[in-house]
Amino acid sequence: MKLTRRGFNAAAGAAGLTLGLGTATQVFGAGDAKPKVVVIGGGTGGATAARYVAKDSKGGIDVTLIEPTKRYYTCYFSNLYIGGFRDYESLGHSYDKLASEYGINVVHDWAVSVDRKKKVVVLGSGAMVPYDKLIVSPGIDLKFESVAEGYSLADQAIYPHAWKSGTQAKLLKAKVEGMKQGGTFVMVPPPNPFRCPPGPYERISMIANYFKKNNPKAKIIVLDPKDKFSKMGLFKDGWERHYKGMIDWMPLSTLGGLKGIDTSTGEFKTDLDTFKADAGCVIPANTSGHIARIAGLANDKGWCPIEPASMKSQVDGDIYVIGDASVASAMPKSGFSANSQAKVCAMAVRGELTKSKVFPAKFANTCWSLIGPDDGIKVGATYKAGAKKIEPTAKFISKTGEDADLRKATYEESVGWYDGITKDIFG
Ligand SMILES: Cc1cc2nc3c(=O)[nH]c(=O)nc-3n(C[C@H](O)[C@H](O)[C@H](O)COP(=O)(O)OP(=O)(O)OC[C@H]3O[C@@H](n4cnc5c(N)ncnc54)[C@H](O)[C@@H]3O)c2cc1C
């Protein structure tokens with residue numbers, strides 16, 4: 001399917017189209033003999049995949065990256081921003097190098113549908129982008145209606161989730177800083193599975209760190225829809241050491257679940273009691289990004305099954321799903337994982353399109369968390385592609401009682417990781 005010149009102009013104008021190497025017609029591949037890879041989502045998974053396909057094919061493959069925002073703000077380290085350890089702009093990354101140095105056609109628009117029969121992605125502007133291989137990395141959507149009676153999408157302005165890239169993190173920080181002295185902050189983590197399993201608990205630590213300095217009589221009440229969480233022993237040990245008496249974590253078995261939220265009074269109702277919030281953070285259940293679901297790539301649980309050796313969709317042989325939207329079995333939904341899966345996927349895509357050599361898939365993940373100043377912990381693993389699932393090959397985790405030097409080194413390692421991965425994603 002070709003894009004007409006009129007259609008292209010409209011698309012370029014409406015979408016603020018950024019061109020890489022090509023001319024207008026090359027962007028959408030009319031008459032171009034090169035194989036075409038289209039990537040939906042310029043976050044951690046998508047931007048890595050686009051860069052690796054472009055870089056390693058050395059101009060042999062036409063790569064188009066579709067992403068609505070012009071600057072990507074990482075969720076990773078956004079907790080550190082809330083805790084006062086980073087500034088907001090340090091989380092932002094531009095797409096300029098992907099276009100200027102790697103020749104990727106970066107198109108700032110939404111992918112609104114995928115015509116899998118015709119192998120075309122339809123953009124919000126109406127433009128159509130044909131592909132030979134499509135890589136889908138739209139991250140997550142939030143199931144606002146699943147939280148509790150009385151809670152809906154509009155309430156994200158009152159109790160920000162800050163669980164997707166963008167300004168919600170700023171809003172949450174303002175809520176934390178604006179809470180009255182000695183007030184109660186209510187935190188509702190999401191049920192499994194969700195992106196960044198230690199993330200809500202690092203966030204609790206960072207909010208507590210802010211309160212310790214600026215609002216020392218404040219309390220944090222955690223109404224958890226689960227009975228356990230990632231690095232639980234390490235976090236609880238850290239909370240006891242840094243924030244004694246400030247954090248009250250309540251599991252599902254104690255609460256009996258969240259039954260309702262009255263946003264006008266700040267009341268959170270559970271079987272156990274009703275808790276009154278002066279400020280709060282509610283993170284709804286996660287599901288795969290809308291575009292993956294409407295393209296028919298998701299299972300009945302809302303996540304996209306893949307073949308472990310390549311991240312190819314189990315539903316469509318010309319589509320790959322990477323990052324949080326995929327079913328990556330033992331691998332947690334993290335930026336580290338998405339970046340690692342993107343490289344496996346890029347190699348497989350190149351192999352299919354240019355017959356380049358494909359090596360056995362190897363994946364890795366580490367999730368670092370900061371509990372207090374210079375008190376870093378981590379959990380991680382390496383993985384291989386099993387016959388049906390991605391399987392761990394080795395695991396590691398920090399231990400309670402580690403000395404302060406090791407914890408500081410772990411934190412510093414995470415800062416090095418951040419600098420390294422963002423360079424690996426955006427060039
Ligand atoms: C508070 C917090 C802390 C975290 N900390 C860590 C950490 O320390 N380490 C770590 O490894 N991970 C961490 N994560 C997890 C990490 O952010 C995600 O796992 C990672 O971003 C997943 O990458 P992705 O490509 O799947 O999705 P994303 O990075 O979210 O990218 C998805 C992109 O797709 C775009 N998109 C969506 N729909 C469309 C569409 N229809 N058309 C075009 N584009 C579309 C979006 O605009 C977005 O840019 C954290 C997450 C949170 C919330």
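So, how many bridges join β14 to strand β15? Four, and the two strands, with β15 covering residues 267–270, run antiparallel. Strands here are DSSP runs of E, at least two residues, numbered from the N terminus, and two of them pair if DSSP finds at least two bridges between them.

Before I go on, a word on what you're looking at. This is a predicted model, where local features need pLDDT of at least 70, side-chain atom pairs count only at pLDDT 80 or more, and totals for chains, interfaces and linings use all residues. Residues are numbered from 1 along each chain as its sequence is written, and side-chain values use heavy atoms, with hydrogens and water left out.

Back to those strands. β14 and β15 belong to an open sheet of three, in the order β14-β15-β16, with antiparallel pairing. β14 (258–262) and β16 (274–276) are at the edges with a single partner strand each, so one side of each has no neighbour in the sheet. From one strand to the next, the twist averages 20°; for angles like this, axes are lines fitted to C-alpha atoms, and values run from 0 to 180 degrees between N-to-C directions.

Inside it, β11 (residues 184–188) and β12 (residues 219–223) share four bridges, and Val 186 has Ile 221 as its bridge partner in β12.

Now for β7, residues 120–123. Which way do its side chains go? Val 120 and Val 122 point one way, Val 121 and Leu 123 the other, and all are buried, meaning under 20% relative accessible area with a 1.4 Å probe, protein chains only. β7 is joined to β6 (residues 111–115) by four bridges, antiparallel, with Asp 115 opposite Val 120. The hairpin of β6 and β7 has four residues between the strands, and Lys 119 there takes a positive phi near 60°. β7 also pairs with β8 (residues 128–130), again antiparallel, over three bridges, and Val 120 stands opposite Pro 130 in β8. That hairpin has four residues between its strands too, with Gly 126 in the turn at a positive phi of about 100°.

The structure holds three cavities of 30 Å³ or more. On a 1 Å grid over the protein atoms alone, a cavity is a set of points where a 1.4 Å probe fits but cannot get out, and lining residues have an atom within 4 Å of a point. Grid points are joined across faces, edges and corners, and a volume is the space filled by probe spheres set on the points. The largest cavity comes to about 60 Å³, and its lining includes Tyr 73, Tyr 88, Lys 164 and Ala 169. Where does the largest cavity sit relative to domain 1 and domain 2? Domain 1 (5–139 + 289–357) and domain 2 (145–285) both give residues to its lining, so it lies between them. Those domain bounds come from an automatic or database domain assignment.

Methods:
Buried < 20%, exposed > 50% of the residue type's maximum accessible area, 1.4 Å probe, protein only. 1 Å grid on protein atoms, 1.4 Å probe; cavity = no way out; pocket = protein on both sides within 12 Å on 5 of 7 lines; lining within 4 Å.
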